[in-house]
Amino acid sequence: MLLRLLTLLCALLCEPTALLLKVSPPRPVDGNPMTLTCESQFARPEPHLQFRFMRHSQVLGRDWDNSSQLQVAAVWSGDTGVYWCEAKTAARRTIRSGGIWIQVQRVPVGNVRLETQPPGGHVAEGEKLVLVCSVTQATGDISFLWYRGALGLNLETKTQRSLTAKLEIPAVRESDADQYYCAADNGHGPSISTLVNIVVTIPVSRPGLTLSTPGAQALVGDTVELHCEAQRGSPPILYRFYCNDVTLGSSSAPSGGGVSFNLSLTAEHSGNYSCEADNGLRAQRSELVPLRVTGRPSASDPVRCPPLPPPRESTYLNTATPEQRQPVYENVNVVRGDEVYSLAYCVQQEWQPAAAEPLRSYADDRDSSVIYSGVKKMTVTDVDYENDI
């Protein structure tokens, strides 16, 4: 009987009066470790105590353990809440500490940057563009937002526990050229990056080649204008001109559009012409344009005669039987060596009977129906005139 009384008294004296939960550091930060310590206050040390730690009625770590400490490798803002600890005595009596509120501190986002892939913000039409939004520091879940233009059109929002997020545009169009920026927020308010200018470069389209000659035919000595132009393509554009795949020359269009190239023709310039447009993204060749160069006739070439006019009737009006004269030819050119002669007939006036004929001189003995021109040397100009006829 006395033994049982002593056992009950010992149990009352040895029972701890309270438990105290401590946290280190006092203000834990996202992503950092935290230590929980459960301290018991007894009148004298109590052996064989077992401990466990609780948050929102959920056991942290092992259910019951001999250690009075719990090491948490990393805590996050989502771990904020009410914590307490419990101890179980050798007599299997459970004692609970008071609860404490532990606020896990978030690190605000800092140094938000927007970068592009490919670097520099220059991307060719049809290629993939990646907008990379990143922060150098932040904790917890981070919301990343991408915006376009001065008005801030929201393109997409992603929330993740990461310092970097990406937005992909699979195939860039010309209309995608604009200013872009991004923002990041982990609950302390958004932080915004600087603007990034996206330039969409356009590969050149297939150019068109036109040839302009002074006349209907291209002649030796003429100047022909070759004009090459690509309807689409980011400047500057370099144009090259070819004849039978041999380079004639090149010209650049710093602001886009087309260029012209002048060529003085020789007989060797007959062939197939083309041009090429190149802006560094792609080179495109035009279709072939044929050109036939005709040589100018020289002074030694035979002169082509014009067709003969129909014969004229006799111009004698007062004869009983009109005399049948030979046909009259006009503008007949006869080439003999380098001399050119011109012959023309005049219209005979009505015949009148004569009285006494006066004496006639040598000059009067010549046929009055024929006009003789002077003799001149033939020039290339005269030959050209004959050709034009």
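Welcome to a predicted model, where local features need pLDDT of at least 70, side-chain atom pairs count only at pLDDT 80 or more, and totals for chains, interfaces and linings use all residues. Residues are numbered from 1 along each chain as its sequence is written, and side-chain values use heavy atoms, leaving out hydrogens and water.

**View 1. C228 and C275 form a disulfide.** Their sulfur atoms lie 2.0 Å apart (a disulfide is a pair of cysteine sulfur atoms within 2.5 Å). The link is right-handed, with 70° about the S-S bond. C228 sits in strand β20 and C275 in strand β24 (residues 271–278), so the pair ties together parts that are 47 residues apart in sequence. Strands (E, at least two residues) and helices (H or I, at least four) are DSSP runs, numbered from the N terminus. C275 is buried, with a relative accessible area of 0%.

**View 2. C38 is joined to C85 by a disulfide.** Here the S to S distance is 2.0 Å. The torsion about the S-S bond is about 65°, so this disulfide is right-handed. Distant parts of the chain are linked: C38 belongs to strand β2 (residues 34–41) and C85 to strand β6 (residues 81–88), 47 residues apart. C38 counts as buried at 3% relative accessibility, and C85 is buried at 0%.

**View 3. A disulfide connects C133 and C182.** Look for an S to S distance of 2.1 Å and a right-handed link with 80° about the S-S bond. C133 is found in strand β11 (residues 129–134) and C182 in strand β15 (residues 178–185), 49 residues apart. Both cysteines are buried. With bonded cysteines counted along the chain, the three disulfides of the structure follow the pattern 1-2, 3-4, 5-6.

**View 4. Three strands form an open, antiparallel sheet in the order β18-β20-β23.** Two strands pair if DSSP finds at least two bridges between them. At the edges stand β18 (208–212) and β23 (258–264), each with a single partner strand, so one side of each is left without a neighbour in the sheet. Five bridges join β18 to the antiparallel strand β20 (residues 223–229). To see how they line up, find T210, which stands opposite H227 in β20.

Note on methods:
Buried means under 20% relative accessible area, exposed over 50%, partly exposed in between (1.4 Å probe, protein chains only).
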